[in-house]
Amino acid sequence: APPVSSPEEASSPSLRKKKQESASDTTGAALLSARRSTRVAADKYTHDGDSWQETLAVCEMPATKSGEVKMKIRSYYSNQRTGDRVWDEPPSGASRVLSATEE
């Protein structure tokens, strides 16, 4: 039996029955199923089937007005098949991304 939420409901069998019937109603279940997005074309994004390895690099940033040179750690991703490299994030079609190690 479902939990009782008020003293009136505990003493009224008809209220409990209505609550049970509404809880067992599954007519809305079909409305909650996943559907393919209509905003993005199905063939717009494809994967490349390659592995991209993340590597960390220390880069020298342009000097500030005070002449101070700053260092920044940036990621670049290398395609293990072709050797192509891209800065900061893997391409949107990357199939497999291998994270940088802690070393």
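## Close-up views of the predicted model

**Figure 1. Leu56 touches Ile73, Arg74, Ser75 and Ala100, residues up to four places away in sequence not being counted.** Contact here means heavy atoms within 4.5 Å. Leu56 belongs to strand S1; helices (H or I, at least four residues) and strands (E, at least two) are DSSP runs, numbered from the N terminus. Ser75 in S2 stands opposite Leu56. Between Leu56 and Asp88 there are 32 residues of separation in sequence and 9.4 Å in space, C-alpha to C-alpha. The structure is a predicted model, in which local features need pLDDT of at least 70 and side-chain atom pairs count only at pLDDT 80 or more, whereas totals for chains, interfaces and linings use all residues. Residues are numbered from 1 along each chain as its sequence is written, and side-chain values use heavy atoms, with hydrogens and water left out.

**Figure 2. The protein comprises two helices and four strands.** Along the sequence these elements follow the pattern α-α-β-β-β-β. The average pLDDT, the predictor's confidence in each residue from 0 to 100, is 74 for the protein, and 57% of the residues score at least 70. Confidence is lowest in helix H1 (residues 7-11), with a mean of 53, and highest in S3, at 92. Of the 103 residues, 15% are buried; buried means under 20% relative accessible area, exposed over 50%, and partly exposed in between (1.4 Å probe, protein chains only). Among contacts between residues at least 6 apart in sequence, 40% join residues at least 24 apart.

**Figure 3. An open sheet of four strands has the order S3-S2-S1-S4, with mixed pairing.** Its edge strands, S3 (85-87) and S4 (96-98), each pair on one side only. On average, neighbouring strands of the sheet are turned by 35° against each other, direction ignored; the axes are lines fitted to C-alpha atoms, for helices over the stretch in contact, and angles run from 0 to 180 degrees between N-to-C directions. Two strands pair if DSSP finds at least two bridges between them. Strand S1 (residues 51-60) runs antiparallel to S2 and is joined to S2 by nine bridges. Three bridges link S2 (residues 71-79) and S3, again in the antiparallel sense. Strands of a sheet pair through backbone hydrogen bonds, either parallel or antiparallel.

**Figure 4. Gln53 lies in strand S1.** With neighbours within four places in sequence left aside, Gln53 is in contact with Tyr76, Tyr77, Ser78, Gln80, Leu98, Ser99 and Ala100. The C-alpha atoms of Gln53 and Val97 are separated by 6.0 Å, although these residues are 44 apart along the chain. Gln53 has a relative accessible area of 23% and is therefore partly exposed.

**Figure 5. One aromatic pair is found in a search of the whole structure.** The ring centres of Tyr76 and Trp87 are 5.8 Å apart and the ring planes are at 70°, so the pair is edge-to-face. Because Tyr76 lies in strand S2 and Trp87 in strand S3, the pair ties together parts that are eleven residues apart in sequence. Rings of Phe, Tyr and Trp (its six-membered ring) pair if their centres lie within 6.5 Å; planes under 30 degrees apart count as stacked, over 60 as edge-to-face and the rest as tilted. Tyr76 is buried, at a relative accessible area of 18%, whereas Trp87 is partly exposed, at 44%. Arg74 lies over the face of Trp87, 4.2 Å from the ring centre; a charge sits over a ring if NZ of Lys or CZ of Arg is within 6 Å of the ring centre and within 35 degrees of the ring normal.

**Figure 6. Five residues lie between the strands in the hairpin of S2 and S3, where Gly83 takes a positive phi near 85°.** Tyr77 stands opposite Val86 in S3. In the loop between S3 and S4 is Asp88, which has a positive phi of about 70° although it is not a glycine. Most residues other than glycine have a negative phi. Asp88 counts as partly exposed, at 45% relative accessibility.
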